[in-house]
Structure formats: structure tokens, C-alpha cells
Amino acid sequence: MTCLAAGANAQMSRLDPGQFIEGLRKQGLRELMRHLVESEPATDPVVRQQVLISTLRLDYDDALSAGKLDQARTSLDQALDATRKLIQDAYDHEQRPIWQTQLGEMLLFDLLDTLNTNAGQFVEFGVPTAAQQTAFNLVVPEALENLEDADVRFYQLQTELPKEKDHTDKRVNTGLWYRMMDEYSKARTRFALAHALLYAWLLPDSDAYFTHLGNNPKIVRQKKDIPGERGRLLALATQQLEDLIADPSDTWSIRSRCQCLMGRVKLRQQKFDEAVAMEDHVLALKAGDMNSLMAGLARAMALGSRNKLRESQDQLVQLAAHPLATSNLLMRLLTVDARHRVLLDAAARGSDKTAQAAAMAAAYEPYMQLLNDPALGAAAEPLRNYVHQRWMDNLPVGGDLASHPPVVVAAVIESLRVAGQNGMIESAQSDQPGLATEAKARLQRAIALAEQLLQRRDASASARAQTLFNQGLATYFLDTRNHDITVQAAVILTRLADQLPAERVSEQAIGYAVEMLHQLQAAKLPAQGRDEAYRQCVEVLLKKFPTTAAADNERYFYAVSILVPGRQWEQAAEVLRSVSVSQPQYFEAQRERLYCLVELARQDAKRWDMVAEEAAKAREEAERRLASSDPDQAPAIRNAAGHARLILADIAERKGELGQALTFLRNFEQDFLGDNELMRLGLGRRILLLVRDGKLDEASREATKMMQSFPDDAAPVVDRVLTDLDRQTGELRQKAAEELAQRPKQELLDRAKNLSEMAAKLANLLVSWAGGQGLSAEQMVPFQIILAKSTRASGQAASALPALRDLRKQFPNDADVIQELAESLYAVAGRDNLLEAAELNKILISGLPPDDQGRYPAPYWNAWRRYFQISEQLNENTDVIALRVRGLQASDDNLGGEPYKSELIRLMNKYAR
């Protein structure tokens, strides 16, 4: 450091101090500058101020490099103030025009462009924010005053200073004269002044600069009228640039920047061909820097002003691929702003008012193309807010928006929605009721504007999509606890996704809609139109957005909560088939899909082979995945494998392959130990199979096992067995009645007797077991009904009547008791019994309600069947049978399925007129 300082001291003795200090700053030699100040403090106050300014500018550079913008702004503001003070305190100093040039450069290139987000470029080519415009209006006049004053002062000093005796030693030999006249007067001052002159031309007529013409002592060449001054600004800018462009050696390497600036000046002079030619020189260099981007923008604007709109737009579209535009979103926005301005200018030149309005609306379409670009990713929302806020800043407060372009109105709607939404959220987290009132007013205003905008024919698809999106969210946030409002909001968002699926916000909209409705549906929260809204929402989601995460997440729930309960087996199976293997409910979906296929096969027996094939595949996949599955997923996978085996057993039974069916259920409880559902189903299914295979003793042992292992489920399983035995017994007796030969007839009757005895044995076994469990009278009812059923099945229905009548007295409203008493009375027959049975069935018909999907239970359909059969046997009230069956078909075309459907159809046909 000592050696460096010694060399620096020697160099400082030969150079002008200001030049030396600036050199240290440019090289970033902060420590050396500090050492010199500390070791040999300057006695000249000008030098001390120059050191301070250089130090502050180094602070600014360092903070800027570190991305600390607030700190950089502070340092630059201090440097600007220090420079202003230096100019003021030493106004007569010969180096004042240098300091004024430096001040102008800091104002134009550091404060305006760097710290105010390229405010100069956005005022010139784009759409500035209120902050950018304010900064521009403040900075440009000050920069112009200092640069014009510097230019005039340099002109004076050029003739005055050489007359001094010590001029050569003081200035020429120290390099100061070259610095003043060549580096500054002929280059830096001219270049910065040309910028300031062009920027001043861009100030509005209402700016203070133009309203106080001719009264500024620092701009001695200023005209007193606005047109004259505007002409002077551009003419002087041209004059400043001509020599720099003509310099054959391009001493300062700024020719292309001067050509770009000259083209922009020519553009404002409306010399469009000259502007294009000048910018072509710059673009031919293919530099890919800010200068080339500005040249492209100026050239495109010149083409647009020459009514070469297509060429202009093509150039601006190409500029979106400029290196700066692809790496800096703000610069990409600048190219879009320029497209907008060219289109807007072209629209303003039109004479047809209708076409002009359409053209003005189309001028905003480049913004929609930008904001809908999926490549923006997370940057899309902040960019949209930035663009919208600029539009909001330029709207009249409280003015009518009907005359404004749809995209601008859509932006206002979004801004109101966001503000209202945030206000509602904030109010929910605070105790300030006024927040909610104000927020709700904003949301209601957004909704009202949305309704108006959606009626406009000039609204583009993008504007409509954005409007519907914000209308839906604004509606939702009016009251997030009101379920009816939630449904309304979801319907709006669904409509958007359905009508405009290609728009960027549509996927987000349908995602929000399905999330809102899913919560209502899952919790079964009451809301008007909930089910239909959810159904339509998911249909749009699966049809138009099938590959989205929202679709994959919703398939399983939609199928099991809507399609399966609605008996839409085909659609449910297809939806469940599409559930991704990556979904946690994948194996539950495969299980439910198999049962949907089973239901379809029950309607079309040709499908059974396909169902067996699918069940075998599902079982194989589940067992394979089980070996390497996550422990958390294992229960679901094992459950799917078990249900596949149950279905395979059912199909084998249908084919009459009872041995194969039992094979599928071998070791079932051991294989699915811990899954009580499967164990219960497997044991119950095996009992049925054993009964149907004639292995009645084994079936009895299995029933005992079930009573011990699953006491809560034993009764319905045995009841099902008894129902099956009753069916088999009835079929055997019917065949016996139709058999003419005595030996086959007796064999059928003996088989029927054996089945009846087995049914009675099972029923007594179950009732005896239940009796030993210490159950209450009410808990014993299901078991007593089973005993009565077995008694009836054995052909002794009359014996069951006393016990059933006692049960009816104890439990007069028990539907199961009423049904079994009616069935026993029907079996005993006789007019009085049949009439009593008819009355009991009428009680069931009027008292059994439908489920959530409007479907009636099996006892309801059995009651109608018996009521009509009794009418047939007594030959009474038969004239209404056909009409009533047709009425029942209106509620369920399947008439409850078999065994009810075929009998009801027979009776209808028999008594149809």
C-alpha cells in the first residue's frame, strides 16, 4: 500500500485532482482513495467534495452489485446532493460543466433508468407506472438544465481559458484541457444532453417545464412557445449527435448508441424513413444489448407511424426473443407495451367509430398473450398485478368504465376482487368490523362490473375468462361460510372452464370449483344445488382437463360418492379405471371398479367372463404390489386382493363351479387376518357356498364360528342363508308340483324337506346362541324374525304367527317384524289372512323411505308385489294394478330388480286394458 500510495502521490502531482479522483473511483480503488485522504488531506474544499462524491458513488456501485437497492438509492441520493452542493458552492469554477455533466448522467442513467426500473425507456416506448412517470417528470428538467448550462459554459470556456498565461501548465500538461474539451464537451456532455433533450420533448404540455418557458436562466436558448421549444429540443439533439456519429474513429465507442438515439429523435420529428434507416445501422450489428433493443422498438414505432402495421407488429413480436427480453421480464413487458402503443395509435387514426373501438380493444390483446403465456410460471401473477395497477393508475377516479376496453375493465374487476378478498381475510383475523364492510363493498362492485362486462360483445375470450374467474372468486369471498354462495361461486368457475377451456385461468378455475364443492359434498353440508353443481363440475373437469392433478385427485371420490350411489355403473367403472396408480386410493378404486363391472354383468350375462378376467388381473397386481408396498398402503392393497377373490368366487358359483368357488375362499380368514370386513364377508360367503353345495353340516359349523368371531354380523348372514334356502326350497316344491312321475316328484320333495330342516336347524342354532348372550328384548328381535322365517320356509308358517303377533305388539313400528308377519300371513293364505297381509304391506309401502339417491329398499318392492298378488288372488282392486305399476316405473324403471320386476310386469300385462 505504501508503494502504491507513493506512486499515486507522484501521479496526483502531475494530474488534475478531479481527474485523478474519478480515475480511482472508476477502478474501484476505495482503500487507496481513503489512504490518500487520511495521509494527505486536501486543503482545497473542491477536492474534498470531489473525494466525498466519489466515495458515495463507490458505495452506490457496491450496494447495486450486492442487490441492496434501498442502500444504493440512499448512496446515490447523497452523491447527487453532494454534487449539487459542489456546483452551487463553486459555480464559477472552470470545472463546473464537468460536474453538471456528471450530475446529468447520474440523474438520467442511474436514478431514472437503474433505480426507477427503466423509467426513461417506459416513458419513451412503453406504459409507465405512476412512480416512473413522476420520477421522469422530476428528473428530466433538472438534468436538462445542468446539461444545457454545461454545454453553453464549455462553449464560453473554450475561448476564455486559453487566453490565461498558465493555461498550458495548468490544463494542457495536466490533461485537464483534454478532459474538459474532448472527453466532456465533445462527447459525454453532448451524449447526455441529447438524451435529456429527447426526454424533455416527451414531457407533457402540462408539465412545469413547458408552462414556464423563457424564464429559466440555465437554459438560455429556450423558446417561449411550446411548439417552438419542442422543435428546438429535437433540432439541438440532432446537432449534438451529428458530430459523434460522423467521428470516423469512434473515439469513445458510442457511435451505435448515438445512431440509436438519433433514430429516436428522427421518430419524434416524424422523419420515419430516416428513423428506420438510422436504426437499421444499429440492428445490423446484432449486439443483443439495450441499445439494439431500443433501436428495434424505435424502428417498429416508425413503421407503425408509416401505416406499416403488420411489419411493425412482426418486428415487435421478434423483439420478444431479444436476449434482454428473454432474461428480463420487465424488458419483455416493454416490447408488449410498444405493440400496444403502435396498435392504439393506429386505432386512433381510424375514422369509423365502430371499427375504431374494436381496434382499440384489440390493442390490449398483446397483454393477454403475454399474461397467458404458461412459460411465465410463478411470475405470471405478480406481472399481471403490475400491468393491472398501471391501468388502474390511468383511470379516472369513480368514472364510468363502459367506454374503456374490456381488458382494462377486467383488470379493474380483478383489482377490486383482490383488495376485497384480502380485506375479508384480514377482517376475519381482526376485530375491526369496518374492514369487512369495506371489503364486501369492493367485492360487490367487482361482481356488478363483471356482470356488465360479460354483456359486452367486444370482450375477447381472454377478457371474458379473466372476468368470470374474478366474478367467481368475488362471489365466494362475499361469505365463505354461506354454502349456497359457495355453490354459486363454483358454478361460475365451472362455466368458465366449460366455455373457455383453452384460456390460462380455466384450469385454475375448475380446480378451485371442484375443491369448493368437494368440501361440501364430503361433509354433506346442506346447500341449494350442491349435488348437481358438483356433478357438472367434475364432468367438465374430467372431459376437458383430464390430465390435471385436480382430475386425478377427484376421480375416486366422484365415482364412489355420485356415480356408484346413482347406479351409473358404466360411467363409474370408466372413471375408476382412469385413477392413476400414483393415487393413494388406487387400489380402493380398482376394488370399486370390479363391483361396478359385477353390476353391469348382472344386467348382461355376457360380461361375466370379462369381469372374471379383470378380477384375476386385479388380484395378481395387488398380490404383486403387496410384496414391495409401503406399510401404510399394504392394508388397502390387501383389501383389494381379498375383494377380487370374493368376486372370483361369486363368478365361479354362477357357473355352477362350487368347488372352484370354495377354492378361492380357502384359508381366507388366515390370509386377511386383521381385516374384519374381509374376514366377515369371506366367512359369510363360504357358509352360503357350503349350503348350496349340499355340505349342510359344514355350513352349520361355519355358522357357529361366525357367531363366535363376528357376533354382530351373524344374524344377517344366517338370514341371507335362510333366504337362499327358502328360495331353493320353493323352486324344488314348484318343480315337484309340475312333475308327473311319482319317484322324481318324491325326490324333489325330500330335497326340499332336507333344506327346510337345515334352515330350521341353523335358525334354532342362531337363536339359542343369541339367547345366551344376555341380549335385550329389542336386540333379540332380528333373531326371532330369523326363527319365524325358517319356520315359514319349512312349510309351517301358521306356527310362526303367534310369536310374530306378540312381536308386533311389542314393536308395532318395526318394519322387519311387519314384513315377516305379512309374509307368514301370505303363506298361510285364506281371505282374512290375505286381507291382513295386504294392510301390513300398505303400511310398509307408505312408511319405507327412499335413500339419498331416491331409491327404495327391497321390502318396499316386495310389499307392492305381495299387495298386487293378494289383489289377484282375491280378485279385488285389480283394475288399478297396471296403472300403479306404470307409476312405479316412473320412479324406477327396473322396479327394484328381481325377483320383483318380472312379477310386477306380469301383473301389469295381465290387467292392462
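This is a predicted model: local features need pLDDT of at least 70, side-chain atom pairs count only at pLDDT 80 or more; totals for chains, interfaces and linings use all residues.
A crossing of two helices is called left-handed if the near helix is turned anticlockwise from the far one by less than a right angle, and the crossing of α4 and α6 in this structure is left-handed.

**Helices α4 and α6**

- Helix α4, which covers residues 45–65, and helix α6, which covers residues 96–114, have axes that come within 14 Å and cross at roughly 15°.
- Angles under 35 degrees count as roughly parallel, and α4 and α6 are therefore roughly parallel to each other.
- On the side of α4 the contact is made by V46, Q50, R57, Y60 and L64, while α6 contributes W99, Q102, M106, D110 and T114.
- Sorted by class, the residues in the contact of α4 with α6 are 5 nonpolar, 3 polar and 2 charged.

**Helices α16 and α18**

- Helix α16 (residues 309–319) packs with helix α18 (residues 329–348) at an angle of about 170°, and their axes are 9 Å apart.
- Because angles over 145 degrees count as roughly antiparallel, α16 and α18 are described as roughly antiparallel to each other.
- The contact involves L309, S312, Q313, L316, V317 and L319 of α16, which meet T335, A338, R339, V342, L343 and A346 of α18.
- When the residues of the contact of α16 with α18 are divided by class, 8 are nonpolar, 3 are polar and 1 is charged.

**Helix α44 and its buried side**

- In helix α44, which spans residues 881–891, the buried residues are I881, A882, V885 and L888.
- These residues cover an arc of only 120° around the axis, which puts them on the same side of α44.
- The face of α44 that is turned away from this buried side carries L883 and A890, and both of these residues are exposed.
- The packing partners of the buried residues of α44 are α43 (858–874) and α45 (900–911).

- R153 is found in helix α8, a helix made of residues 130–160.
- Residues under 20% relative accessible area count as buried, and R153, with a relative accessible area of 15%, is therefore buried.
- If its neighbours within four places in sequence are left aside, R153 is in contact with D92, R96, P97 and E160.

**Backbone features in loops**

- The peptide bond that joins E898 and P899 is cis, with an omega of about 10°, and P899 is found in the loop between α44 and α45.
- S253, a residue other than glycine, has a positive phi near 55°, and S253 lies in the loop between α12 (226–246) and α13 (255–268).
- Exposed means over 50% relative accessible area, so S253, at 58% relative accessibility, counts as exposed.
- Q270 is likewise not a glycine and has a positive phi of about 65°, and its place is the loop between α13 and α14 (272–283).
- With a relative accessible area of 59%, Q270 is exposed.

Notes
Residues are numbered from 1 along each chain as its sequence is written. Side-chain values use heavy atoms; hydrogens and water are left out. Axes are lines fitted to C-alpha atoms, for helices over the stretch in contact, and angles run from 0 to 180 degrees between N-to-C directions. Helices (H or I, at least four residues) and strands (E, at least two) are DSSP runs, numbered from the N terminus. Angles under 35 degrees count as roughly parallel, over 145 as roughly antiparallel, 65 to 115 as roughly perpendicular and the rest as oblique. Contact means heavy atoms within 4.5 Å. Ala, Val, Leu, Ile, Met, Phe, Trp, Tyr, Cys and Pro count as nonpolar, Asp, Glu, Lys and Arg as charged, and the others, Gly among them, as polar. Buried means under 20% relative accessible area, exposed over 50%, partly exposed in between (1.4 Å probe, protein chains only). The arc is that of the directions from the helix axis to the C-beta atoms.
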